[in-house]
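Dear colleague,

I am handing over the structure below. My notes on it follow directly after.

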Amino acid sequence: MALVEEILTACRQAATSHGVTKVTAVHITVGEMAACADALRFAWVACRGRFPPLEEAALDIRTVPATWVCARCGAEYREPVGRCQACGAALPRLQSGLELRVDYLEGDDDRHGRASAGLPA
Amino acid sequence: MKVILARDLQAASERVAEANRNRFRQHGVLAINLMGSPGAGKTALLEATLPRLHPRYGCTVVEGDIATTRDGERIAALGVPVVQLNTGGACHLDPAMVARALEELPGGGRLLFVENVGNLVCPAEVDIGTDRTVVVFSVTEGPDKPEKYPLAFSRADAVVLSKVDLLPHLDLRREDFLDVLGRCAPAAAVFPVSARTGEGVDAWCAWIEAQVTNQYSHPPGEG
């Protein structure tokens with residue numbers, strides 16, 4: 001899947017430039033509307049071996065719920081609505097749920113061994 | 001050790017959509033994103049449309065499905081170049097998938113139909129770089145759907161009201177659908193169509209031809 005390719009590329013670049021020889025986990029943020037987490041996990045397991053340091057890396061997905069927000073009164077909805085039920089304004093817009101971000105990875109580097117703490121999140 | 005990436009793939013997705021759009025421009029292609037619920041009749045509409053437009057414009061099709069190649073096979077049977085995309089669970093096509101499919105299609109065509117995954121929520125939110133958005137909405141879905149899935153309808157350039165040959169069997173009139181579409185898709189051209197009987201297909205095809213003309217007032221290759 002194209003999205004997993006992008007994640008792999010980002011991880012490969014980061015791991016290479018930081019001398020990470022074995023990635024243990026990749027942490028990503030995925031909006032509910034951006035991609036299906038199950039499909040991502042499936043594709044991840046199928047594709048991660050293409051870059052050997054990622055072979056055993058777990059994919060940790062933080063899911064962001066989709067919310068629609070009325071531009072006029074700020075009312076929030078968990079599903080698309082045609083009109084704001086609070087103030088009647090047309091078409092509350094999607095505010096969150098399209099996020100797609102590779103946040104960070106954890107792993108062992110060739111100099112220091114495994115140490116996942118120490119850097120800001 | 002921990003390596004912070006903070007890499008935004010959503011922005012990357014928007015760039016890929018823009019690249020798709022530029023590619024359509026360069027090749028003089030009009031790309032239509034076809035959305036609709038599962039079973040709305042998207043593939044049947046293409047089966048009625050392609051035999052009329054393919055000889056004149058050269059059509060290509062990208063078929064998006066979660067699994068199976070059935071829709072792609074139906075299009076291939078018409079002799080139209082088609083790429084089947086399986087999203088492997090994802091509920092909509094993303095621009096990178098479309099870009100990948102474009103690599104597989106022959107050049108020279110002027111009309112590209114992208115049949116999105118059957119779903120009215122997610123495909124409406126994700127820009128894949130197409131020039132026009134069309135919602136296929138069948139009379140058997142009932143007239144409440146445009147209000148339930150407002151974004152898809154509000155962003156549509158055209159709505160094809162499909163399966164109108166079934167109206168005599170329903171407790172609903174054509175006007176019930178046209179009324180709700182007038183409210184929820186005020187900017188869209190509405191085409192009542194039956195892919196089975198051929199009703200309305202001429203008007204729908206004429207609209208597509210007008211879109212190609214509007215987009216490219218010159219023949220391909222001159223600019």
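Strand 6 of chain A (100-109) pairs with strand 1 of chain B (residues 2-8) in the antiparallel sense, over five bridges. Strands here are DSSP runs of E with at least two residues, helices are runs of H or I with at least four, and both are numbered from the N terminus; two strands pair if DSSP finds at least two bridges between them. Within this pairing, A:Tyr104 has B:Ile4 as its bridge partner.

This is a predicted model, in which local features need pLDDT of at least 70 and side-chain atom pairs count only at pLDDT 80 or more, while totals for chains, interfaces and linings use all residues. Residues are numbered from 1 along each chain as its sequence is written, and chains are lettered from A and ligands numbered from 1 in the order in which they are written.

The contact between the chains takes 36 residues from chain A and 29 residues from chain B (in contact means C-beta atoms, placed from the backbone, within 7 Å). On the chain A side, helix 1 (2-17), helix 2 (37-47) and strand 6 each give two or more residues. Strand 6 of chain A supplies the largest share, nine residues.

The axes of helix 1 and helix 2 of chain A come within 9 Å and cross at roughly 55° (axes are lines fitted to C-alpha atoms over the stretch in contact, with angles from 0 to 180 degrees between N-to-C directions). The contact is made by A:Leu3, A:Val4 and A:Leu8 of helix 1 and by A:Leu40, A:Ala43, A:Trp44 and A:Cys47 of helix 2.

Regards

Notes
Two residues are in contact if their C-beta atoms, placed from the backbone, lie within 7 Å.
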